[in-house]
Amino acid sequence: MKKILLIFLWSVLFIFPSYVLARPYAYVTNADDDSVSVIDTATRNVIKTISVGNFPLGVAVSPDRTKVYVGNYNGNSVSIIDVASLTVTKTISFSGDVYGIVFNPTGTKAYVSYGMLPGYVGIINVATDTYESSIVVGNSPAGLAINPLGTKLYVANFNGGDISVIDLNSNSVIKTISSVGNFLHDAVINSAGTRLYVASFDVSSNGSVAVIDIANDVYLTSISMGAGTDTTGLALNPTGSLLYATNILTDEVKVVNTTDNSIIGSVTVGDAPWGISSNHLGTRVYVANQNSNNISVIDALTNTVIDTIAVGTFPYAAGTFVEQQPIVSVSDSNLNFARTLASDESTKNVTISNLGTVNLNINQMSLNSDEFILGNDNCSNKTIIPQGNCTFDVIFRPQTSGSKTANITITSNDPEHVTTVVSLSGTSIYADRFVTRRPKSKQVLIEKNKNLYAKNLTLKFTRYPKKLKKIKYYLEARKYKKYLNSAQSPEIFLKKYIKLKNNFYNYIGKNYKIKFKFKYSQKEFKALKKKNSLAKEKNLILKYYDGSKWKNLKAELSTKNNTLIKYYTKLDNINYYFGIGIK
């Protein structure tokens with residue numbers, strides 16, 4: 001048996017190499033080595049080096065983390081890496097120097113900046129890994145960024161100092177945002193889809209970050225990184241509240257608070273930092289240092305370098321080179337419903353949020369109970385953009401009394417939480433249990449049934465002044481809201497009522513010496529029944545003369561399954577109140 005197990009484990013490791021079991025990865029392009037270093041960010045080790053085209057610069061990972069596209073600048077091509085095997089499966093040629101690469105949010109298209117005068121954006125069909133068409137943009141296009149809805153693409157033109165805005169429905173340039181900077185590099189958009197940030201520097205090496213309002217596609221301002229900085233790479237944390245900018249001349253990463261565009265920190269890294277990328281949690285920032293041939297790992301909470309990872313020669317890593325993923329979050333994974341009357345309902349609202357950096361795809365949610373119901377479902381089979389959310393209602397609609405439990409199963413493309421379970425619990429009670437407050441005037445109405453002798457029935461409570469120490473309960477013939485079962489005629493109903501009265505008399509009279517009397521005795525009731533005159537009677541009066549032990553009586557009746565409780569009458573689909581307790 002042990003031998004078979006060892007053979008099985010060996011075969012698993014042989015068929016599925018160890019690098020496919022650990023995630024997420026970082027893919028660092030080494031320009032002078034014509035290679036990509038694959039880093040397991042959990043262990044911070046290079047697990048494989050993959051040969052690609054000539055002088056690779058740009059890199060992007062597909063949203064589903066199955067493919068990596070590498071832009072080979074001098075090779076005028078894009079190398080496609082299969083993540084499962086970490087091998088190059090195809091190379092797509094272009095007619096110019098390839099720089100930036102970005103995927104649309106759904107992962108169906110990839111966009112490649114290439115060429116100089118003029119520059120182009122090439123479109124790749126990701127399903128088939130084939131070139132489709134190109135769009136003419138500005139001079140020497142570099143950084144690319146797509147809004148969260150996937151409707152617009154922004155192209156930072158290095159030599160033009162402007163930004164081309166492309167409508168992805170028509171694949172045409174609809175606007176050019178001018179005078180953004182001198183030499184433009186990386187471009188990133190926040191998760192809210194409101195701001196575009198573009199790295200730039202001028203001939204005097206004064207680095208800055210241009211801020212664009214993408215609702216109106218207009219330039220707003222620039223954030224100065226200081227003299228002699230040369231800002232190149234940009235990365236945002238998942239919420240878009242922090243911006244990280246590499247400055248190759250000062251060997252540092254500036255940290256910007258995007259609320260007021262102020263610089264709140266600076267982290268010294270390796271020599272000539274260029275590419276930069278945050279992980280999907282926003283807890284780590286990875287920086288590619290060209291001249292020191294390594295990756296600096298920054299703890300985003302403390303803004304300190306916690307590790308350095310050696311890679312190939314002249315690591316460039318332009319773009320988002322760390323795998324991104326969605327993060328499913330549920331506002332409440334344990335819903336508890338308060339005591340709910342049978343045939344009544346109670347509702348709670350649940351929010352599903354995507355705390356990650358790529359689209360979260362929610363499949364059809366399932367529920368394993370008929371007494372809990374999904375309502376206003378805005379989440380099943382929906383896509384939630386990064387930092388977005390959706391809502392649905394959970395309705396507790398019990399049909400019988402007792403404790404109820406159920407589960408809602410939510411499946412998604414979150415690789416760490418493919419299945420999320422929301423636990424439901426609730427208690428159903430019948431309305432005829434106890435009245436815990438001093439009764440006031442109240443009516444309970446139930447619609448008549450066509451087979452009933454009596455046209456209607458109503459329960460009415462009247463409280464007499466406290467000084468009289470009296471309480472009167474009236475049961476009158478009025479209208480009901482819900483139909484009685486045809487088998488439960490008024491005669492049967494009132495028989496049970498009288499039987500209840502008799503048992504109540506025996507119990508209360510014996511133990512508490514509280515006097516009472518009915519307007520009709522059982523004998524009188526039978527006589528009325530024979531005359532078919534029940535429908536004419538309006539009142540059955542039960543009088544309780546208050547003694548000194550009402551509180552004790554209430555306490556005992558609320559804790560014991562005594563005779564009185566036993567004879568409470570529950571008719572089909574009726575919650576029938578009969579008050580007995582007094583505070």
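# Exercises on a predicted model

Phe 183 is partly exposed, with a relative accessible area of 24%. The model is a predicted one, and the exercises below start from this residue.

**Exercise 1.** Is Phe 201, at 14% relative accessibility, buried or partly exposed?

*Solution.* 
Step 1. The cut-off for buried is under 20% relative accessible area, and partly exposed lies between that and over 50%, where exposed begins.
Step 2. Phe 201 has 14% relative accessibility, so Phe 201 counts as buried.
Step 3. Phe 183, at 24%, falls in the partly exposed class.

**Exercise 2.** Describe the ring pair of Phe 183 and Phe 201, and state which strands it connects.

*Solution.* 
Step 1. Such a pair is described by the distance of the centres and the angle of the planes.
Step 2. In the structure there are 14 aromatic pairs. In the pair of Phe 183 and Phe 201, the centres are 5.6 Å apart and the angle between the planes is 45°.
Step 3. Planes under 30 degrees apart would be stacked and over 60 edge-to-face, with the rest tilted. The pair of Phe 183 and Phe 201 is therefore tilted.
Step 4. Phe 183 belongs to strand β16 (residues 183-189) and Phe 201 to strand β17 (residues 195-201), so the pair ties together parts 18 residues apart in sequence.
Step 5. Ring pairs also build a cluster, made of Phe 55, Tyr 99, Trp 274, Phe 314 and Tyr 316.

**Exercise 3.** Find the disulfide, give its handedness, and say which parts of the chain it joins.

*Solution.* 
Step 1. A disulfide is a covalent bond between the sulfur atoms of two cysteines.
Step 2. Searching the whole structure turns up one disulfide. The bond runs from Cys 379 to Cys 390, with an S to S distance of 2.1 Å.
Step 3. The torsion about the S-S bond of Cys 379 and Cys 390 is about 120°, so the disulfide is right-handed.
Step 4. Cys 379 sits in the loop between β33 (372-375) and β34 (382-384), while Cys 390 is in strand β35 (residues 389-396), so the pair ties together parts that are eleven residues apart in sequence.
Step 5. Cys 379 and Cys 390 are both buried.

**Exercise 4.** Describe the surroundings of Lys 404.

*Solution.* 
Step 1. Lys 404 is located in strand β36 (residues 402-411).
Step 2. Its relative accessibility is 12%, so Lys 404 counts as buried.
Step 3. Leaving aside neighbours within four places in sequence, Lys 404 contacts several residues, including Phe 372, Phe 396, Leu 424 and Glu 371.
Step 4. With Glu 371, Lys 404 makes a polar contact between side chains, at 3.2 Å.
Step 5. Another lysine, Lys 348, has its charged end over the ring of Phe 337, 5.6 Å from the ring centre.

**Exercise 5.** Locate the backbone exceptions at Pro 118, Asn 76 and Asp 251.

*Solution.* 
Step 1. Most residues other than glycine have a negative phi, and most peptide bonds are trans.
Step 2. The peptide bond joining Leu 117 and Pro 118 is cis, with omega about 0°. Pro 118 is in the loop between β9 (109-115) and β10 (119-125).
Step 3. Asn 76 is not a glycine, yet its phi is positive, about 50°. Asn 76 lies in the loop between β5 and β6 (77-82), and its relative accessible area of 24% makes it partly exposed.
Step 4. Asp 251 also has a positive phi, near 55°. Asp 251 is in the loop between β21 (242-247) and β22 (252-257), and at 22% relative accessibility it counts as partly exposed.

**Exercise 6.** How many helices and strands does the chain have?

*Solution.* 
Step 1. The chain has five helices and 41 strands.
Step 2. Of its 583 residues, 51% are buried.

Terms used. Residues numbered from 1 in each chain as written. Predicted model: local features only at pLDDT ≥ 70, side-chain atom pairs only at ≥ 80, totals over all residues. Heavy atoms only, no water. Disulfide = S-S within 2.5 Å. Helix = DSSP H or I, 4+ residues; strand = E, 2+ residues; numbered from the N terminus. Buried < 20%, exposed > 50% of the residue type's maximum accessible area, 1.4 Å probe, protein only. Polar contact = N/O pair within 3.5 Å; in protein donor to acceptor, adjacent residues only side chain to side chain. Contact = heavy atoms within 4.5 Å. Phe/Tyr/Trp six-rings, centres within 6.5 Å; stacked < 30°, edge-to-face > 60°. Lys NZ or Arg CZ within 6 Å of the ring centre and 35° of its normal.
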